[in-house]
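Trainee: I have a new model open and would like to learn how to read it. Could you walk me through it, one feature at a time?

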Amino acid sequence: MSKKLGICVAVLSVIAICLSAFSLFAVKTATDNQPKEEAKDVQYVMYVGTNDKDTNEPVCKPEEAKAKVDEILIKHFGGFTIQDANGGWVDDSGKRYDEYTVVVYISDTDLESVHKAADDLIKEFNQSSVLIQANETKTEFYSTEQQ
């Protein structure tokens with residue numbers, strides 16, 4: 001009787017192993033057939049003011065400022081986009097200030113690299129800080145050319 005029980009246990013074990021393997025294969029196949037989630041990216045946006053933090057006067061003309069920002073960014077990144085902007089604020093005494101601002105868009109990088117570039121920009125323009133935004137996005141280099 002124990003020999004029959006041993007054979008029965010062995011057969012049931014083999015069946016259980018086969019069912020487990022089939023279940024894993026079926027789950028993997030179902031997962032593989034699901035649409036792939038699109039790759040997510042983080043786009044960093046930096047707002048670089050160009051008024052000296054101590055005097056609130058422009059460090060240089062707008063075209064010179066863009067050239068300086070460009071020079072610093074090319075050392076840190078393979079690519080970027082720069083836009084012109086004009087910012088303004090009112091200090092504690094109620095005095096209004098206007099400031100030419102360079103807006104920088106960067107993808108395909110990490111926050112540490114953005115911080116290193118921001119350190120150089122803060123030093124170059126004598127800023128207290130550079131505003132950095134991290135926006136989750138989808139990045140695609142689309143082309144109509146046939147591959």
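Mentor: Gladly. Let's begin with a term: a polar contact is a pair of N or O atoms within 3.5 Å, where, within protein, one must be able to donate a hydrogen and the other to accept it. Please keep in mind that this is a predicted model. Here is a case of such a contact: at the start of helix 3, a side-chain oxygen of Asp110 comes to within 3.1 Å of the backbone nitrogen of Glu112.

Trainee: How should I think about a core?

Mentor: The general idea is that in soluble globular proteins, nonpolar side chains tend to be buried together. In this model the largest nonpolar core has 19 residues, and those that touch the most other members are Met46, Val48, Val69, Leu73, Val104, Leu121 and Phe125. Two or more residues each are given to this core by strand 1 (41-49), helix 2 (62-76), strand 3 (96-106) and helix 3 (111-125).

Trainee: Which element gives the largest share of this core?

Mentor: Helix 3 does, with five residues.

Trainee: How do I read the two sides of a helix?

Mentor: Start from the geometry: an α-helix has 3.6 residues a turn, so residues three or four places apart point the same way. Now take helix 3, whose 15 residues reach 21 Å from first C-alpha to last, close to the 21 Å expected at 1.5 Å a residue. Its buried residues are Val114, Ala117, Ala118, Leu121 and Phe125. Viewed down the axis of helix 3, these buried residues fall within an arc of 105 degrees, so they line one face of the helix.

Trainee: Which exposed residues sit on the face of helix 3 turned away from its buried side?

Mentor: Glu112, Asp119 and Lys123 are carried there. The cover over the buried residues of helix 3 includes strand 1, helix 2 and strand 4 (131-137).

Trainee: Let me try helix 2 next. Which of its residues are buried?

Mentor: Ala65, Val69, Ile72 and Leu73. They cover an arc of only 100 degrees around the axis, which puts them on the same side of helix 2. They pack against strand 1, strand 2 (81-90), strand 3 and helix 3. On the face turned away from the buried side you will find the exposed residues Glu63, Ile74 and Lys75.

Trainee: What should I look for in the backbone angles?

Mentor: Most residues other than glycine have a negative phi. Asp108, though not a glycine, has a positive phi of about 60 degrees. Asp108 lies in the loop between strand 3 and helix 3, and at 73% relative accessibility Asp108 counts as exposed. Asn126, which follows helix 3, also has a positive phi, near 50 degrees.

Trainee: Is Gln127 buried or exposed?

Mentor: Buried means under 20% relative accessible area, so Gln127, at 10%, counts as buried. Gln127 is placed in the loop between helix 3 and strand 4. A polar atom of the Gln127 side chain lies 3.3 Å from the backbone oxygen of Gly49. Not counting residues up to four places away in sequence, Gln127 touches Gly49, Thr50, Asn51, Asp52, Lys53, Glu99 and Ile122.

Methods: Residues numbered from 1 in each chain as written. Predicted model: local features only at pLDDT ≥ 70, side-chain atom pairs only at ≥ 80, totals over all residues. Heavy atoms only, no water. Core = buried A, V, L, I, M, F, W, Y, C linked by side-chain atoms within 4.5 Å. Buried < 20%, exposed > 50% of the residue type's maximum accessible area, 1.4 Å probe, protein only. Helix = DSSP H or I, 4+ residues; strand = E, 2+ residues; numbered from the N terminus. Expected span 1.5 Å × (residues − 1). Arc of directions from axis to C-beta. Contact = heavy atoms within 4.5 Å.
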